Amino acid sequence: MKILIIDDSLIARKTMGFTVEALGYETLKASTGEEGLEALAEHSNDVALVLLDWNMPGLSGLDVLVKMQKDPGFCDIPVMMVTTEVERESMIRAI
């Protein structure tokens with residue numbers, strides 16, 4: 001099984017990737033929400049978890065999450081939001 005990392009920061013993708021791979025998982029990486037959804041469409045049967053950045057240009061992490069929830073092929077894939085967002089209201093929206 002693979003873990004999909006969707007983050008616009010190259011440093012964040014590399015850091016999370018090293019950590020995930022050190023734990024023995026294979027990774028897929030996307031730098032935009034759009035690329036992340038494309039990767040999900042291509043590998044949905046192999047993705048065990050999505051690590052999803054909140055703040056990205058174009059489709060935000062929340063936008064990606066909403067699209068995943070509406071898609072029967074993606075709605076059961078667990079998502080962990082990765083963010084520096086500290087506003088309580090934003091965190092509640094993500095949950």
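Strand 1 (residues 2-6) and strand 2 (residues 26-30) run parallel and are joined by five bridges; helices (H or I, at least four residues) and strands (E, at least two) are DSSP runs here, numbered from the N terminus. Together with helix 1 (residues 10-22), these two strands make a right-handed β-α-β unit. This is a predicted model, so to speak of local features takes a pLDDT of at least 70 and side-chain atom pairs count only at pLDDT 80 or more, while totals for chains, interfaces and linings use all residues. Residues are numbered from 1 along each chain as its sequence is written, and side-chain values use heavy atoms, with hydrogens and water left out.

- Four strands form an open sheet in the order 2-1-3-4, with parallel pairing; two strands pair if DSSP finds at least two bridges between them.
- Strand 2 and strand 4 (79-82) sit at the edges with a single partner strand each, so one side of each has no neighbour in the sheet.
- On average, neighbouring strands of this sheet are turned by 20° against each other, direction ignored.
- Strand 1 also has five bridges to strand 3 (residues 47-53), again parallel.
- Strand 3 is joined to strand 4 by four bridges, and they run parallel too.
- For bridge partners, Lys 2 goes with Glu 26 in strand 2, Ile 5 with Leu 51 in strand 3, and Asp 53 with Val 82 in strand 4.
- Leu 52 stands opposite Met 81 in strand 4.
- Going from strand 3 through helix 3 to strand 4, the chain makes a right-handed β-α-β crossover (with the strands pointing away from the viewer, the path from the first strand over the helix to the second runs clockwise).

**Helices on the sheet**

- Helix 1 lies across strand 1, strand 2, strand 3 and strand 4, and runs at about 165° to strand 2; axes are lines fitted to C-alpha atoms, for helices over the stretch in contact, and angles run from 0 to 180 degrees between N-to-C directions.
- Helix 2 (residues 33-43) packs on the sheet as well, touching strand 1, strand 2 and strand 3, with its direction at about 165° to that of strand 1.

**Strand 1 and the cores**

- Five of the five residues of strand 1 are buried, so this strand is largely enclosed by the rest of the structure (buried means under 20% relative accessible area, exposed over 50%, partly exposed in between; 1.4 Å probe, protein chains only).
- Lys 2, Leu 4 and Ile 6 point one way from strand 1, and Ile 3 and Ile 5 the other way.
- The largest nonpolar core has 19 residues, of which Leu 4, Ile 6, Leu 40, Val 50 and Met 68 touch the most other members; such a core is a set of buried Ala, Val, Leu, Ile, Met, Phe, Trp, Tyr and Cys residues joined through side-chain atoms within 4.5 Å.
- Helix 3 (61-70) is among the elements giving two or more residues to this core, and gives the most, with four residues.
- Apart from this core lies another, of five residues, including Ile 3, Ile 5, Met 16 and Leu 51.

**Around Thr 27**

- Thr 27 is found in strand 2 and counts as buried because its relative accessibility is 16%.
- Leaving aside neighbours within four places in sequence, Thr 27 is in contact (heavy atoms within 4.5 Å) with Ile 3, Ile 5, Gly 17, Val 20 and Glu 21.
- The Thr 27 side chain makes a polar contact with the side chain of Glu 21, at 2.6 Å; a polar contact is a pair of N or O atoms within 3.5 Å, where, within protein, one must be able to donate a hydrogen and the other to accept it, and residues adjacent in sequence count only if both atoms are side-chain atoms.
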